[in-house]
Amino acid sequence: MAQLWGGRFTKETDRLVYNFNASISFDKKFYEQDIRGSIAHVTMLAKQGILTEEEKEKIIAGLKDIQSDVESGKLEITEEYEDIHSFVEANLIDRIGEPGKKLHTGRSRNDQVALDMRLYTRDEIEELDRLLRELLEVLLKLMKENLETYMPGFTHLQKAQPVTLAHHLGAYFEMFKRDRLRMKDIRRRMNYCPLGAGALAGTTYPLDREYTAELLGFDGPTLNSMDSVSDRDYLIELLSAMSTVMMHLSRFSEEIIIWNSNEYQFVDIDDAYSTGSSIMPQKKNPDIAELVRGKTGRVYGALMSLLTTMKGIPLAYNKDMQEDKELVFDAIDTTKGCLALFTGMIRTMKFNKKNMENSAKHGFTNATDAADYLVNHGVPFRDAHGIVGKLVLYCIDKNKALDDMSLEEFKTISPVFEEDIYDAISMKTCVEMRNTIGAPGKAAMEKAIAAGEAYLQEE
């Protein structure tokens with residue numbers, strides 16, 4: 001098969017070698033970005049007098065026709081071409097003749113693929129950001145609806161102190177808010193245009209790289225041509241950021257799986273996001289949550305793979321770097337899919353509020369507040385701690401919650417207790433008394449929700 005670079009070679013590439021070397025099977029995803037970059041490139045070439053206006057117009061019209069035909073299905077991107085760049089250029093030459101041969105003036109496939117990958121990544125970061133924002137909106141809505149939905153807060157997977165569902169969901173709101181900040185930071189840092197770097201050492205043509213960068217919405221051109229074609233830092237950063245997103249989704253999924261269990265029964269997952277068993281008719285499995293948890297390892301794997309690929313590559317471009325694409329494409333598609341499905345799952349999920357509150361009561365999550373009650377009535381904290389420990393042992397023996405004890409039972413263990421102990425250890429009081437910044441009290445949570453709304457409205 002004749003190649004665009006075949007002039008140097010006297011022998012046709014072996015088919016197995018050709019297939020191993022080719023990237024068209026996956027970089028065809030770049031056709032829109034490749035054409036967008038080519039249109040900007042020839043626009044700049046004409047501005048600089050390297051192409052005539054007539055040549056520019058013919059090339060741009062030809063490129064737009066190729067894009068239109070690909071999008072309509074009239075033109076298929078086939079594997080007879082080595083890569084997407086070859087596909088576009090060969091089809092352009094077939095359509096418009098000699099002017100098409102001038103498309104590649106002043107550039108290399110090295111800076112061309114670097115541009116395509118940046119354009120594609122930038123587009124995908126914006127889509128990831130949109131999905132994260134949608135998830136934050138759903139979380140904020142659930143937080144507003146559950147300011148008085150009491151549940152146990154956990155440490156070591158042991159019931160610790162009572163919180164609200166709004167407070168618990170608010171922790172994930174903060175996590176996903178940080179994820180958005182990471183995405184925005186990556187976009188800002190990567191938003192420089194490598195086109196014009198050539199193979200690695202620039203070109204003798206009088207290119208206006210600032211103009212090309214402006215046409216493509218970049219903040220400016222990259223400043224070192226060797227780094228321009230060999231930089232994959234932004235992809236490693238994106239894979240790291242997506243790994244963190246997936247870690248957050250996985251933690252949340254793990255909790256939903258636990259909450260969905262027969263032992264907890266905190267949530268009912270909508271039928272659309274569950275499956276049954278082929279032999280056990282009673283089962284309703286949290287498959288989406290489990291798949292999100294499982295696919296996290298897939299994104300982690302892409303990050304480690306690209307880090308390993310890049311660690312021993314000398315400057316400048318090397319073919320190893322072609323391995324970035326399938327990894328990044330798959331990780332982006334996986335993360336986007338997980339974000340969309342997870343958001344749909346929690347949007348339709350029902351919370352069993354009574355079960356949540358009962359779990360908090362029977363987990364002695366108000367034991368700390370019982371100790372605080374004694375301290376506020378003059379008992380030294382260390383003594384109060386011991387007294388409440390005895391209360392808990394008594395309740396375990398009698399299979400009851402602190403709230404279910406009679407005043408006589410309280411006084412048997414300590415005469416300090418009075419009727420007001422019941423109000424002091426109620427779930428509502430335990431939560432409402434905690435109103436420092438970041439705490440689960442209603443007043444504190446209302447401020448947190450207002451801050452969340454302001455954050456989303458800023459954009």
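Helices here are DSSP runs of H or I with at least four residues, numbered from the N terminus. The model is predicted: local features need pLDDT of at least 70, side-chain atom pairs count only at pLDDT 80 or more, and totals for chains, interfaces and linings use all residues. Residues are numbered from 1 along each chain as its sequence is written, and side-chain values use heavy atoms, leaving out hydrogens and water.

Select residues 367–376, helix α14. Its buried residues (under 20% relative accessible area, 1.4 Å probe, protein chains only) are A367, D369, A370, A371, Y373 and L374. These pack against α15 (381–398), α17 (421–424) and α18 (427–432), contact being heavy atoms within 4.5 Å. After α14 comes G378, with a positive phi near 90°.

Next, select α3 (residues 31–47) and α5 (residues 84–96), whose axes come within 10 Å and cross at roughly 60°. Axes are lines fitted to C-alpha atoms over the stretch in contact, with angles from 0 to 180 degrees between N-to-C directions. Y31, D34 and I35 of α3 meet I84, H85 and V88 of α5.

Turn now to the aromatic rings. Rings of Phe, Tyr and Trp (its six-membered ring) pair if their centres lie within 6.5 Å; planes under 30 degrees apart are stacked, over 60 edge-to-face, and the rest tilted. By this rule there are 13 aromatic pairs. Select W259 and F266: their centres are 6.2 Å apart and their planes at 45°, so the pair is tilted. F410 and F417 form another tilted pair, 5.0 Å centre to centre with 50° between the planes; both residues are buried. Finally, display F154, W259, Y264 and F266, which ring pairs link into a cluster.

Key. Helices (H or I, at least four residues) and strands (E, at least two) are DSSP runs, numbered from the N terminus. Buried means under 20% relative accessible area, exposed over 50%, partly exposed in between (1.4 Å probe, protein chains only).
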